[in-house]
There are 2 protein chains.
Amino acid sequence: MQSTMMPIPLSLNHLLERAGQLFAGNEIVSRLPDKSLRRHTYGDFHRRARSLASALQKLGLQKGDRVATLCWNHHAHLECYFGIPAAGGVMHTLNLRLAPDEIGWIAGHANDRFLVVDDVLLPLYEKFAALHGFEEVIVVPFSGAKVPAGFTDYEALLADADPEGFEYAPHDENDPVAMCYTSGTTGRPKGVVYSHRSTVLHTLVASLSDFWGLRGTDCVLPVTPMFHANSWGMPYGAVMLGVKIVFPGPHLHPDDLLDLVTEVPPTLALGVPTIWMTLIQAYEASLADGSPNKGRWKLPAGMRSLVGGAPVPESLIRAFHKHGVWILQGWGMTETSPVCTISYPRAELEGADMDERYRRASLAGVPVPLVDLRVRGDDGEDQPWDGRAVGEIQVRGPFITGSYHAVPVEREKFTADGWLRTGDVASVDALGFVRITDRTKDLIKSGGEWISSVDLENAVMAHPAIAEAAVIAIPDEKWGERPLACVVRKKDQDVTAEQLNAHLLQRGFAKWQLPDRYEWLDAVPRTSTGKFWKLKLRERFAR
Amino acid sequence: MQSTMMPIPLSLNHLLERAGQLFAGNEIVSRLPDKSLRRHTYGDFHRRARSLASALQKLGLQKGDRVATLCWNHHAHLECYFGIPAAGGVMHTLNLRLAPDEIGWIAGHANDRFLVVDDVLLPLYEKFAALHGFEEVIVVPFSGAKVPAGFTDYEALLADADPEGFEYAPHDENDPVAMCYTSGTTGRPKGVVYSHRSTVLHTLVASLSDFWGLRGTDCVLPVTPMFHANSWGMPYGAVMLGVKIVFPGPHLHPDDLLDLVTEVPPTLALGVPTIWMTLIQAYEASLADGSPNKGRWKLPAGMRSLVGGAPVPESLIRAFHKHGVWILQGWGMTETSPVCTISYPRAELEGADMDERYRRASLAGVPVPLVDLRVRGDDGEDQPWDGRAVGEIQVRGPFITGSYHAVPVEREKFTADGWLRTGDVASVDALGFVRITDRTKDLIKSGGEWISSVDLENAVMAHPAIAEAAVIAIPDEKWGERPLACVVRKKDQDVTAEQLNAHLLQRGFAKWQLPDRYEWLDAVPRTSTGKFWKLKLRERFAR
């Protein structure tokens, strides 16, 4: 027997039309380079995204052609999210934090045909322009200045287009809509290609009440760059439900972000832990008597915050909650769209005390629907969900990549039975809370025993004098590897290695697990997506 | 270029495994025929649904075979929701409110192979047993009595099964999982067949924060029968998120429901308006001094309620809100899985006064994601969304039926371009709120002008002395048709036709729109799904 349901494909175009029809009056706010705010409505967005699609087709865009973006978070980037797929193209977000050579290599590997670039990022573009020839370079006059000769003006292109006459490119739900290259800490970056189907499914799952809890009455601040796993997919969710968006533009300094949330208070903000750390430090410093910023900022009461991209220390969750902001931690990767787990307050925690709630919130979270998750031990067996046994996280699902663009399927990235090997090492407890112990490559093996660099970092960062800490393995003749801690002290705070070790012993670490060395830094170096850059630390210290 | 996403099918089996793995400790409570409560866990549910699947396969169930259910709302019915599809079968919910002949005809038309039936419903089964021969009749010993000879004992079947060794039937996401016949007010009932895909998509969409807002911390009371469009899909959502469920069993009398919510307070309850009307009347009567039920019941503070299946009068929404319960109205049909629109508090209503909020809540609501909705005028043109222009609602989407089981596609049910013609007449306002004016067949055409029976009913029910009102068209020589109002007065309340007409004039009705006649009834007859049975009223009064 057959189902009688209509064979209607999942489609981003449906979400775009829905936004234009139902949410025409809702706001999309973008912060411009001069820090002023530009306000669009969803009605504008709908018309402009269709105009972009129409213009791209007139420029000769063919089904499946890649259109790269090199942009900050703002309204025009959102228009690319929907306008490029509407025309049948594939939006390829370039990571503006990468070295120019690497950006050029990635654009070449993806064979990008057109580029949409912010005018303020043209100097970066010039640095890799020789490495890949785009057919057309479309410049967003983001700063308000005139677009330089030789480039196509994004606004002029839209003004000439025909949004009413535009017709969506016919498509199947498995057709590609966007691609994103992994940060590639080992080997060359690799391209993940999302489809209409995977994007709609991920949006529906992540938006559910227990996870993002996204509502039409929300106001969302995506600090996570739109080139970082599509700002974790939040722009799609916002458009689906007509959620007000506040885009920070290029201004990601803590002072700027605090100014922005004070002026346009979001109900939901998302970003990586390192940015949130500097933000809470700046905010708390502003509360001190005599601070030049005294009274300047207000953290929105009851704001939720999604933090991911790297493990979130419990100390950070506690610090934000002191000011009424609850952090929901998520875990995932470019390969997984990205949301795989979210640490939400489960029914079992309703009677729990705050210590237990903070402890759970500092875990990676519980697998979301449509994601199968297992933890495989060194012996290739599934580990029990007992909160102790560790192994590699492997995942499978309709919004998880099963291969990479234009490279042979790598045996070490996928299992024989089709699961993605994430490279993250974790245990899972009986309630399904995943606890990331380490990246496979960050684990420290000392005298045959594993030491978790993440556990050490979190414990060091729980010390009141410490702002940031990253722990790496350094080679050791006797033990194989030993931990080294790179730490940043808070302003005007002092602490010694002996005091930190005493602090760690008190928190239950064994003597052999303590760092052999502490390095005192002014800042921990960051990767292009804002994570601690351990590779750089290893190059510097692991002699 | 190709997407790199894994080709993993959507599947109810994933939701079942997820529930067993993540929510094993969460509760499923069922009220038994003797009114005691039986408590299972999701761990039990997972094991028992797999046992059922394994047993069905041993009985010879083949892919696509129909297994009918004739059951109240309880744990074993939920096991059928997942266990039958797990085995590759199609669950066919039989409506126990229908005439036995009709049930028998439907079972025959669907060619049901097996039947799962509550022991307390065996007398009903016996009445249609001669009309369709089931290969195996499996009896749920719901009352606790011994299963009569000649039938298969559901519990014995499960006890003999092998839940660990069971393997899911291989399937595609478009394979069928469940079927439901429409109530068939015109012509024979028609079968709608849901798939893994449509069910998972509908579950994700309806569960979103703006709509059901379903969370793992919820406790849901599905009063809506599990044979009524699958209890609107709520059982699937509950299992996806591990939500505690309280099943009312056969006890749907207002006193029984009030006892139940007092003993196990839900956060979310769903049912049709007629049941909710009698419930609030019983509750309010119990508050009066001297009531024999004084102090017996407590409506859970902050409870949400989903009401649909028929238009929800504003007076009902106000009455519940007086006691802290907010009603979310939804609209849909068996053909649409069923949720198409939900009247949720949009961002635009945040500053609105309560009158405006009640007014919006009394509308059918805003289309949910994945549902395309249009209103077609008599001229075949799309009507503008101006809150005035009316036409037939037509819908399209991946969880909407495009045909019926084993009947030729009917031209009058689907448009040439593939939309479902719902038969409901409505206008849509600029914010996308659908206002149902009538069923096509319930509209009253008087002197060439349309009168909305729904508007009249709601206005009559807003009178403080009125408990229920149903308005029908009666033939009239001069005007074609004229409205007749069938009304039920509240206990110990009196009101005359003149007083009601004055009340209607005061609310803005024109003189020619007033009912020509009032009929004073003790109760408005109900259809099998609890809606006002206008067909019966027309037969009785439209001479």
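Modeller: The answer below begins with the interface and then turns to a few features within the chains.

This is a predicted model, in which local features need pLDDT of at least 70 and side-chain atom pairs count only at pLDDT 80 or more, while totals for chains, interfaces and linings use all residues. Residues are numbered from 1 along each chain as its sequence is written, chains are lettered from A and ligands numbered from 1 in the order in which they are written, and side-chain values use heavy atoms, with hydrogens and water left out.

With contact defined as heavy atoms within 4.5 Å, 77 residues of chain A and 77 residues of chain B take part. The area buried between the two chains is about 5,600 Å², and carbon and sulfur atoms give 61% of it; buried area is the accessible area (1.4 Å probe) that two parts lose on being put together, summed over both. On the side of chain A, the residues that lose the most area to chain B are Met1(A), Met5(A) and Met6(A), together 15% of what that side buries.

A salt bridge is a side-chain nitrogen of Lys or Arg within 4 Å of a carboxyl oxygen of Asp or Glu. By this rule, four salt bridges cross the interface of chain A and chain B. Glu173(A) and Arg197(B) meet through their side chains in a salt bridge, at 2.7 Å from N to O. There are also 31 residue pairs in polar contact between chain A and chain B, both residues being at pLDDT 80 or more. A polar contact is a pair of N or O atoms within 3.5 Å; within protein, one must be able to donate a hydrogen and the other to accept it, and residues adjacent in sequence count only if both atoms are side-chain atoms.

Several elements of chain A each supply at least two residues of the side that touches chain B, including α1 (12–22), β8 (176–181), α7 (196–207) and β18 (391–396). Helices (H or I, at least four residues) and strands (E, at least two) are DSSP runs, numbered from the N terminus. The largest share of that side, seven residues, comes from α7(A). The side of chain A that touches chain B divides into 42 nonpolar, 24 polar and eleven charged residues. Here Ala, Val, Leu, Ile, Met, Phe, Trp, Tyr, Cys and Pro count as nonpolar, Asp, Glu, Lys and Arg as charged, and the others, Gly among them, as polar.

How are the copies related? A rotation of 180° with 0.0 Å of shift along its axis superposes chain A on chain B, with an RMSD of 0.0 Å. The two copies are therefore related as by a two-fold rotation axis. The same surface serves both copies, since 100% of the contact residues of chain A recur in chain B. The superposition is by least squares on the C-alpha atoms of residues with pLDDT of at least 70 in both copies.

Within chain A, the side chains of Glu392(A) and Arg421(A) meet in a salt bridge at 2.8 Å, N to O. Glu392(A) lies in strand β18 and Arg421(A) in strand β19 (residues 420–428), so the pair ties together parts that are 29 residues apart in sequence. Finally, the peptide bond from Ser337(A) to Pro338(A) is cis, with omega near 10°, and Pro338(A) is found in the loop between β14 (326–332) and β15 (339–342) of chain A.
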